[in-house]
Amino acid sequence: MDSDLKLRRPAWARRLKRGLLAENLALTLCAAALIGALGALATMVFRELLGWMQLLVGGGEVPHGMVSLARGLDPWQRFLMPAAGGAIAGLILQAATRWLPRRGAADYMEAISIGRGVIGFRQTVARSLSSIFSIGSGASIGREGPMVQLAAMCASLTGRYLVLPPRHLRLLVACGATAGITAAYNAPIAGAVFISEIVYGVISTATLVPLAVASVVANIVTRQVLHYDAVFQMPHFEFVSGWEVINYLGLGLIAGLAAPQFLRFLDLSRAAFRRLPFPIWARMAAGGLVVGALSVIDPAVWGNGYSVVNSMLHTDWAWQAVAALLLLKTLATAASVGSGALGGVFTPTLFVGAALGALYGTALQGLFPTGSLSAVSSYAVVGMGALLAATTHAPLMSILMIFEMTLSYEVMLPLMLACMTGYVIAQRIRPESVYAKSLAKNRIAAHLMARKGRPINYE
């Protein structure tokens, strides 16, 4: 008797499984669309839970971002809140490690690259809950990491319900991760290319087409159904003269030099916190204390930095203020990431890139006559893409993401030059990207298991 009939799965599930196994393109794209919608809804749940956490921290007042929330608190509250949230987040992780058995891959990259496509439900929920307490209490990390993981988990659960073999299950998980990235940044093309360029390591039609469908559906659900706005409100991009492209080449050079040092600083912070003879909850509380102390100086270090970047793109900042915030935000991000808080460094990287671009543009404005250069905000926009390309070693994804955010063809020439320059220089200085350790571990494991002649088993 067929296993599907034994478990009494509905007819549509049996037809969908048969179509996927038979490589039916139409049914494969339908499955990708379904996963795109589920992934977008999963990110919505995380957003709403994070919003409730912010309401709790703000005493019932609706905050306009983490920075606004931090400014509404007393200095002593700003100092202690990240530590309290970090301690609770650490206790959740500690309890999950002790009481919840691991089932499946630890993260979506592992599940896609070498795993069977299995992502554990309980572990993922526990890690997401930990992220909510960390991010909601002021940790300087992005929310895209847990959002993508939740979307990928929903895809994994769907594929396991259909009893798909590993190869097909991994593709569904990749579609879920794509949906999560698209829902986080409202960049559907970049979301599909991110998984292809970084996780798969190659862009092929067989994977890119279903990824693109999942990305488009996730974007429609996020923008048209759930009515979430883009996280960055990009200004009009100015490109005054073709000769100015040389200036953007210099910005790419700076990004290529800065990215390896930024990543090295994060590695040093992780190593320093690991040497502390404390349990994970105490280390995360210590990281929160560092963020809290920095927020007493400037509340803008709280959170992922969306509102600060938008302010930097639309208002004139004194270069001293940008430089000071860049230093404080880098320290806060290192403390959050190093202590073990679960989140993404994607968004903090965009923040650092915008600040570097703004400082570079301000310096050029002081050297050259007024009106001969683009606005400082234009350099900040390109700086975001250049540093992103230099840290991820994914220049195509970085170019497409900034282009989708600005919707300006004028940005393409300086953006392409800066991203490629930053990528080439950063790769020469530091061959490993921000995702290198995770991907290298996966590829080494896959190579060892292949030499032994047996598949990797995560169940």
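## Cavities and pockets

α13 is the top contributor to the lining of the largest cavity, giving four residues. The model is predicted. Two cavities of 30 Å³ or more are present. Among the open sites, the largest pocket has a volume of about 1,700 Å³.

**Largest cavity**

- The space in the largest cavity comes to about 90 Å³.
- Its lining has 13 residues. Nearest the centre of the largest cavity are Pro82, Gly86, Ala139, Met284 and Gly288.
- Three helices each supply at least two lining residues to the largest cavity: α5 (75-99), α13 (280-297) and α15 (319-339).
- The lining of the largest cavity splits into eight polar, five nonpolar and no charged residues.
- The largest cavity lies between domain 1 (11-226) and domain 2 (244-442), because both give residues to its lining.

**Second largest cavity**

- About 40 Å³ of space lies in the second largest cavity.
- Its lining consists of Leu263, Val345, Phe346, Thr349, Leu388, Thr391, Thr392, Val434 and Tyr435.
- By class, the lining of the second largest cavity has six nonpolar, three polar and no charged residues.

**Largest pocket**

- A total of 50 residues line the largest pocket. Asp107, Arg127, Arg270, Leu342 and Gly343 lie nearest the centre of the largest pocket.
- Charged residues number 12 in the lining of the largest pocket, alongside 22 nonpolar and 16 polar ones.
- Domain 1 (11-226) and domain 2 (244-442) each provide at least three residues of the lining of the largest pocket.

**Second largest pocket**

- The second largest pocket holds about 690 Å³ of space.
- Its lining counts 26 residues, and Arg47, Gln54, Gly65, Arg143 and Tyr306 are the closest to its centre.
- α3 (25-57), α4 (66-71) and α14 (306-314) each contribute at least two residues to the lining of the second largest pocket.
- The most comes from α3, which gives six residues to the lining of the second largest pocket.
- The lining of the second largest pocket comprises 12 nonpolar, 10 polar and four charged residues.
- At least three residues of the lining of the second largest pocket come from each of domain 1 (11-226) and domain 2 (244-442).

Conventions: Residues numbered from 1 in each chain as written. Predicted model: local features only at pLDDT ≥ 70, side-chain atom pairs only at ≥ 80, totals over all residues. Heavy atoms only, no water. 1 Å grid on protein atoms, 1.4 Å probe; cavity = no way out; pocket = protein on both sides within 12 Å on 5 of 7 lines; lining within 4 Å. Points joined across faces, edges and corners; volume = space filled by probe spheres on them. Nonpolar A, V, L, I, M, F, W, Y, C, P; charged D, E, K, R; others polar. Domains from an automatic or database assignment.
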